[in-house]
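Hello,

Here is the structure I promised to pass on. Please open it first, then read my notes below with the view beside you.

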Amino acid sequence: MSKVLVILETAGGQLRPHCLPGITCAAEIARATGKPLHLLVLGAQPDAAAQAIATAGYGAAAVHTLAAPALEPFTAEAWADAIVHAARTLGASVIGGTASSTLRDALPRAAAILDAPLVSEVVKVKSGDTFVRPVSAGRALQDQKVNAGTFFFTARGTEFEPAQPAGAAPVQAVAAAAVNTRGAAVKGVQKTESSRPQLTEAKVIVSGGRGMREGANFKILEQLTDLLGGALGASRAATDAGMVPADLQVGQTGKIVAPELYFAVAISGAIQHLAGMKGSKTIVAINKDAEAPIFQVADYGLVAKWEEAVPRLIELIKARKGAA
Amino acid sequence: MKILVCVKRIPDPDESLKFAGGGLDYSASKWVPNAFDEYAIETALRLAEVVGGTQRLAEVIVLGIGPESQRQQLTQFLAMGADRGVIVDADPDKLDTATVSKLIAAVFKKEACDLLIAGKLSQDNEGGQVPQRVAGLLDVPQASFAATVEWDQAGKALTVGREVDDGVEVKRVPLPAVVSVDLRIVLPKSVKNGSTPATHAYQEGPRLASLKGITMAKRKPVAVLKPSDLGVAVGNNEQVVGVAAPPARKAGQKVKTVEELFEKLTKEAKVI
Ligand SMILES: Cc1cc2nc3c(=O)[nH]c(=O)nc-3n(C[C@H](O)[C@H](O)[C@H](O)COP(=O)(O)OP(=O)(O)OC[C@H]3O[C@@H](n4cnc5c(N)ncnc54)[C@H](O)[C@@H]3O)c2cc1C
Ligand SMILES: Nc1ncnc2c1ncn2[C@@H]1O[C@H](COP(=O)(O)O)[C@@H](O)[C@H]1O
């Protein structure tokens with residue numbers, strides 16, 4: 001029987017949390033198509049992570065593993081080989097997962113090899129073959145229908161709840177396959193070390209824009225961020241100017257985020273920025289220009305200079321914390 | 001070395017969208033090249049040129065898929081400095097993503113290219129998948145979301161800094177290969193071709209066409225092909241069945257002071 005297969009990412013023997021919304025989206029597709037949900041863990045030694053995942057189960061019929069040394073570090077080439085092999089061996093006809101930089105890289109390649117369509121950045125499952133996805137920097141929502149027996153999808157992580165544990169599932173190994181990197185070699189990831197939560201997982205985000213003027217001024221936003229236990233973000237103008245690392249960029253081409261509380265400080269609110277944060281529950285904008293478009297999406301807008309507003313806000317929060 | 005660059009024409013993203021009859025009405029739109037494709041051509045030109053010299057290290061071919069009569073975006077790339085163009089004459093609205101990818105792969109093979117440079121995303125339909133698909137069809141390595149590219153001419157390989165979720169991944173790919181470019185590829189020092197001086201800083205962003213470039217572009221050859229010339233059958237394994245405006249956020253409020261903001265956040269929204 002054909003299956004819905006979710007491709008998972010792991011680190012240190014554990015599921016990476018950003019994969020959980022992708023499982024939820026897949027479970028909805030499974031329900032809509034009447035096909036069972038299956039999970040796949042790829043890696044050099046995927047067993048430990050697969051066991052941990054199988055304990056939680058997430059409503060899947062089985063957790064499959066496919067082991068090959070070439071699967072670590074991640075390359076789209078080797079992963080696409082493995083995904084194609086697993087899809088064929090297991091008879092999967094819907095293949096996908098959360099739209100991370102990993103799956104955005106590997107899944108289209110696998111889809112092309114199987115000559116299957118891929119619906120990217122699904123925000124809603126309308127039926128077993130029709131999905132809603134944002135286009136044009138989130139200014140329109142498109143209903144896309146697939147006319148194919150096999151198709152791929154990526155799910156936008158902010159639009160589906162994280163999958164919950166739901167009773168153990170068995171672990172099954174997929175027989176080894178020929179996977180290779182086509183001569184590509186990964187020399188490591190230069191990571192931005194941070195003790196703060198991941199942007200895509202944070203409950204509070206404080207973002208700064210061009211109006212912060214220089215990197216040193218982000219110190220004050222970091223203070224606010226840390227007081228609220230949040231993550232630091234930025235607009236493209238701020239990252240391009242080198243004020244903060246590029247991976248803090250929020251927007252159409254950066255991280256898509258939807259925290260409980262989003263501060264946009266000295267950010268004008270270009271559509272490409274809005275595309276990445278419009279889904280936030282409460283949006284606060286602090287900008288000296290009363291006409292800035294960010295105020296059109298802000299729940300609370302304060303026309304002020306950050307130099308005055310942010311230190312005062314920090315004082316007030318500290319005073320409240322002190323009193324509590 | 002032969003570099004193929006894709007250009008997709010898109011409705012100007014700065015214009016507001018017109019919803020009509022369950023779809024988007026682009027009949028009055030101004031058409032512009034996809035911004036990421038402008039970054040792609042800039043990347044190709046930086047790889048191909050010797051700073052301060054006239055020697056060319058690569059031939060740069062631009063490929064557009066779209067109606068023959070609407071080749072303006074392709075001409076714009078020729079004016080920036082690409083050597084020649086290829087148009088696959090087809091109505092892009094009638095092509096699915098799989099077919100577009102097959103057409104690009106077929107041109108790459110026909111021209112015996114060494115490198116495809118494409119944008120990482122089309123700003124209109126935001127598929128984010130064509131370059132990776134082409135790499136899969138060609139069975140060559142890929143480096144998606146490139147922020148830096150360094151060409152090792154002797155080693156026939158590229159070292160690419162890729163923007164990934166938790167930082168920048170460094171990946172070396174032997175040629176032939178497919179690269180998709182991200183925003184930061186057009187920063188002043190993002191592209192090096194082995195002879196680019198370490199100190200050289202390009203002007204940020206894609207270059208403007210010079211007057212001479214614009215004149216010369218008219219004389220540069222542009223081949224026009226049909227999908228059938230490339231042996232590609234047009235498929236329709238996906239279709240758009242509806243388009244709607246996203247729900248608007250409910251109107252917010254302006255607060256006058258930081259104290260008022262703090263009050264609202266603690267008592268009304270209860271988020272801090
Ligand atoms: C293809 C493409 C993709 C893009 N992707 C993204 C993306 O993913 N994310 C993104 O953010 N952008 C993206 N952009 C860029 C986007 O179009 C804007 O250029 C960018 O978001 C502007 O950043 P900004 O708001 O910080 O700067 P600006 O637009 O310059 O705004 C600065 C703001 O700071 C305010 N200000 C100045 N001084 C102060 C002060 N002292 N106190 C308070 N306020 C002050 C000003 O009033 C102004 O509103 C993309 C662009 C393109 C073409
Ligand atoms: N119709 C097209 N013609 C030429 N290039 C295209 C076309 N569609 C997509 N591309 C290329 O593929 C990239 C990614 O597109 P997409 O997968 O649609 O987001 C674009 O930036 C272009 O370089």
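**Ligand 2 and its surroundings**

In chain B, the side chain of B:Asn125 has an N or O atom 3.4 Å from an oxygen atom of ligand 2. Keep in mind that this is a predicted model. B:Gly127 places a backbone N or O atom 3.3 Å from an oxygen atom of ligand 2. For B:Gln129, a backbone N or O atom lies 2.8 Å from an oxygen atom of ligand 2. How much of ligand 2 does the protein cover? On its own, ligand 2 has 480 Å² of accessible area, and the protein covers 97% of that.

Now look at the shell. Ligand 2 is surrounded by 17 residues. The closest are B:Asp37, B:Ser122, B:Gly128, B:Gln129 and B:Val130. Sorted by class, the shell of ligand 2 holds eight nonpolar, seven polar and two charged residues. Three elements of chain B each give at least two residues to this shell: strand 1 (2-7), strand 8 (115-119) and helix 4 (130-138).

**Ligand 1**

Next, go to ligand 1. Here 30 residues form the surroundings. A:Arg210, A:Ser235, A:Thr253, A:Ser268 and A:Asn287 are the closest. Which chains take part? The residues around ligand 1 come from chains A and B, so the two chains share the site.

You can see this in the helices too. Helix 6 (236-240), helix 7 (271-277) and helix 8 (306-323) of chain A each supply at least two residues of the shell around ligand 1, and so does helix 1 (35-48) of chain B. The shell of ligand 1 counts 10 nonpolar, 13 polar and seven charged residues.

The side chain of A:Arg210 has an N or O atom 2.5 Å from an oxygen atom of ligand 1. A:Gln252 uses its backbone: an N or O atom there lies 3.1 Å from an oxygen atom of ligand 1. With A:Thr253, an N or O atom of the side chain is 2.7 Å from a nitrogen atom of ligand 1. Taken alone, ligand 1 exposes 990 Å², and the protein buries 84% of that.

**Where the chains meet**

Now zoom out to the two chains. In chain B, 80 residues are in contact with 86 residues of chain A. The size of an interface is often given as the accessible area lost when the parts come together. Between chain B and chain A, the buried area is about 6700 Å². Carbon and sulfur atoms give 51% of it. Which three residues supply more than any other three of the area that chain B buries against chain A? They are B:Asp165, B:Asp166 and B:Arg249, with 11%.

Charged pairs also cross this interface. There are eight salt bridges between chain B and chain A. One of them joins A:Arg16 and B:Asp166, with the closest N and O atoms 3.7 Å apart. Polar contacts between the two chains come to 49 residue pairs. On the side of chain B that touches chain A, 36 residues are nonpolar, 19 polar and 25 charged.

**Salt bridges elsewhere**

Over all chains, the whole structure has 38 salt bridges. Among them is the pair A:Arg156 and A:Glu121, where the closest N and O atoms are 3.0 Å apart. This pair links distant parts of the chain, 35 residues apart. A:Arg156 sits in the loop between strand 11 (151-155) and strand 12 (171-173) of chain A, while A:Glu121 is in strand 7 (residues 118-122) of chain A.

Most residues other than glycine have a negative phi, and most peptide bonds are trans. Three places depart from that pattern. A:Glu72 and A:Pro73 are joined by a cis peptide bond, with omega about -10°. You will find A:Pro73 in the loop between strand 5 (62-67) and helix 3 (76-90) of chain A.

B:Leu175 and B:Pro176 are also joined by a cis peptide bond, and here omega is about 0°. B:Pro176 is in the loop between strand 11 (167-174) and strand 12 (177-181) of chain B.

A:Arg213 belongs to the loop between strand 14 (204-208) and helix 5 (218-227) of chain A.

Best wishes

Methods. Residues are numbered from 1 along each chain as its sequence is written. Chains are lettered from A and ligands numbered from 1 in the order in which they are written. This is a predicted model: local features need pLDDT of at least 70, side-chain atom pairs count only at pLDDT 80 or more; totals for chains, interfaces and linings use all residues. Side-chain values use heavy atoms; hydrogens and water are left out. A residue is near a molecule or strand if one of its heavy atoms lies within 4 Å of it. A polar contact is a pair of N or O atoms within 3.5 Å; within protein, one must be able to donate a hydrogen and the other to accept it, and residues adjacent in sequence count only if both atoms are side-chain atoms. Accessible areas come from the Shrake-Rupley method with a 1.4 Å probe; for residues, only the protein chains shown count as cover. Helices (H or I, at least four residues) and strands (E, at least two) are DSSP runs, numbered from the N terminus. Ala, Val, Leu, Ile, Met, Phe, Trp, Tyr, Cys and Pro count as nonpolar, Asp, Glu, Lys and Arg as charged, and the others, Gly among them, as polar. Contact means heavy atoms within 4.5 Å. Buried area is the accessible area (1.4 Å probe) that two parts lose on being put together, summed over both. A salt bridge is a side-chain nitrogen of Lys or Arg within 4 Å of a carboxyl oxygen of Asp or Glu.
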